[in-house]
Amino acid sequence: MENSEGVKIESTVVTEEPLISALDIALFVVIITVAYFWYFKRDKQSSSSEKKPYTIQPSSLSSIEQTSNSSFIKKLKSTGRSLVVFYGSQTGTAEEFAGRIAKEGARYKMKGMVADPEECDMADLVEMKEIQKSLAIFCIATYGEGDPTDNAMDFYEWLQNGDADLEGLNYAVFGLGNKTYEHYNEIAIYIDQRLEELGATRVHEIGLGDDDANIEDDFVSWKEKLWESVCSHYGIEETGEESNIRQYKLVDCSEVLPERIFSGEISRLKSYENQRFPFDVKNPYLSKIAVNRELHKSGDRSCMHIEFDIDGSKMRYDTGDHVAVYPKNSSELVDKIGELLNADLDAVFSLLNTDEESSKKHPFPCPCTYRTALTYYLDITSNPRTHIMKELIEYASDPKDQEKLKPMASSTPEGKKEFHEWILRDNRNIVHILEDLPSVKPDLDHLCELLPRLQCRYYSISSSPKVYPKSIHITAVLVNYTTPTNRVNKGVATNLLAQLIPTNDELPQPTIPIYIRRSQFRLPPKSQTPIIMIGPGTGLAPFRGFIQERDYARKEGREIGEMVLYFGCRKKDEDFIYENELQEYVANGTLTKLHLAFSRDQPEKKYVTHLLEQNADELWNIIGEKSGHLYVCGDARSMAKDVHSIIVKVVMEKGQMTNSQALNYVKKMEQQKRYSADVWS
């Protein structure tokens, strides 16, 4: 009945409807709607795919607003500024230096702003000449094997590939590097030279900061001479006005709802409760600790083997990559600051940039409690820089404490000596300073503004994804040492990791935020290529992954080349890490040779460098006659330099070359990625 009745009704409608029926209109609306959403979704996806890595844009910004925000020239013009300071920063130091320069600009009638090149259209540099007495300063760090920082990569490539006319652009460059690395300040030097090639005018000579010595001293000395050059170039004079002006203002957030308060997230609110792929520097993955075991057999030192569970995260890594670990400060130190400053650490606050045009609204995720800021966001264990000492003077109620601080805030030879001895040599952090100068009681919000951001720690991954696709392994020495003032300083990350012990029961497993940083430290494309690995101590870490990968290939039936490992530690019975694993690889043929140096097992110390000198024929056979690859991992200050010298000597003697020819040969090996180093100082 219902079916026949339905047909009858349909028949009646057909005979009475006009040329365009309601059904046609409905279908037309549906088609238009689908086409509309398809077009704009595609456009949105296309736009999204072109975004730079690590850039998180607020979802409420329109495309027009985003374009406008990328134009630093418009911001300079609209706010009457003539100074822009760009930073290429991996750890936050270059960004801090940039902020200090921009702040001091006011003393020279140059209103300044800080800019992240990743968030700017750097092609706008050609328009700087339109702004009267304009100046662009670049604080640029070099990291790794002469690599630009992540946020300066696009700018670096733009300079390499472009040919913009930068005539009329006035500039200066300060580089942040480390002399223990071969490619010391390479990126800053390139940018300084390339800007000149493109027609820009260098207002002041490049400054090269050495983090292995005293980069703060290098920066302050350069900065003072910079302003002398600026005054001479533009015909201006210093106003004499102090620049101790707050960059951020305190906002009381006691009425903010709990769900709107940050509790340790790096960027996105509640990101640890609602994890979203992809995971990167601003969106780390909260990984469970699957394994945490001691590697040392005895002795008073500790070395941990830790495995991070990445199952289900969609994270992928390659052998030789690094994993970044986000640490947190100890509650003991945080509570101590609250006690010394008589502060309520659980008060909710926010720091809001007084510069409304700045793209950086807060120094760290806000609003949050002081306890959260001091635990997750601020570095309270490193040595404070001189500008912090200067800001602390106004909070010292005791004249003796003021007199102690004043020279260390200056750039006089006496002040530099006092700073070096009292801060650097004695290894004082902000907690120690507040303890030793009891009348110094800075406002906690101002202290939060002054302290640098707590940075993630990078570790060489000591596993192969071929063997362990669902976990990431690291090998980390626990850092504990006594300072000259008889205080015990503890490594922020390693001491936290030491506490994260997985349990065998149903309790939630300990977790820590991580992400993967890509590396150029790679095995040869062909598994048959012979390799030499030099890794004393925890320098063994990436080579454990290399060996696992070659072992995996061997078990698959593929031919693998010679693998020679040089490993050293103090004592065989104490700190020979992964001993059983290595011996097994030797037994099954994956590891061709294992050269061991135990420095304290005999009267005369014996290091891997001694073994290298003894095995010159083997070295030349692999790197010279068989075009093999050589890898070094570990201490950059002495070990890596000594290895480089030995390799050059071997090439000279066995390859019958002059010193100049041998240096060129080794340089070519580096360019061909046949000589790679993963080192730290």
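Two strands are taken to pair if DSSP finds at least two bridges between them. Helices (H or I, at least four residues) and strands (E, at least two) are DSSP runs, numbered from the N terminus. The model is predicted: local features need pLDDT of at least 70, side-chain atom pairs count only at pLDDT 80 or more, and totals for chains, interfaces and linings use all residues. Residues are numbered from 1 along each chain as its sequence is written, and side-chain values use heavy atoms, with hydrogens and water left out.

Strand β5 comes first. Two bridges join β5 to strand β6 (residues 201-202), and the two run parallel. Asparagine 170 has threonine 201 of β6 as its bridge partner. Strand β7 (residues 207-210) is also parallel to β5, with four bridges between them. Here leucine 176 stands opposite glycine 209. A further parallel pairing, of six bridges, links β5 to strand β3 (residues 135-143). In that pairing, phenylalanine 138 is the bridge partner of valine 173.

β5 spans residues 170-177 and is mostly covered, with eight of its eight residues buried. Buried means under 20% relative accessible area, exposed over 50%, and partly exposed in between (1.4 Å probe, protein chains only). Asn170, Ala172, Phe174 and Leu176 point one way from the strand. Tyr171, Val173, Gly175 and Gly177 point the other way. Together with helix α7 (residues 186-197) and β6, β5 makes a right-handed β-α-β unit. A crossover is right-handed if, with the strands pointing away from the viewer, the path from the first strand over the helix to the second runs clockwise.

An open sheet of three strands has the order β8-β12-β13, with antiparallel pairing. β8 (248-252) and β13 (368-369) stand at the edges, each with a single partner strand, so one side of each is left without a neighbour in the sheet. Five bridges join β8 to β12 (residues 348-353). Leucine 250 has leucine 351 of β12 as its bridge partner.

Two cis peptide bonds can be described. The bond from phenylalanine 277 to proline 278 is cis, with omega near 5°. Proline 278 lies in the loop between β8 and β9 (285-294). The bond from cysteine 366 to proline 367 is also cis, with omega near 0°. Proline 367 lies in the loop between β12 and β13.

Positive phi values occur at two residues other than glycine. Tyrosine 578 has phi near 60°. It is found in the loop between α18 (572-575) and α19 (579-588), and is buried at a relative accessible area of 6%. Glutamine 656 has a positive phi of about 50°. It lies in the loop between α22 (639-654) and α23 (659-671), and counts as exposed at 73% relative accessibility.

Glycine 568 sits in strand β20 (residues 563-569). It is buried, with a relative accessible area of 7%. Its C-alpha atom is separated by 6.3 Å from that of tyrosine 607, 39 residues apart along the chain.

The second largest pocket is lined by 15 residues, of which Lys466, Leu523, Pro524, Pro525 and Glu549 lie nearest its centre. On a 1 Å grid over the protein atoms alone, a pocket is an open set of points where a 1.4 Å probe fits, with protein on both sides within 12 Å along at least five of seven lines; lining residues have an atom within 4 Å of a point.
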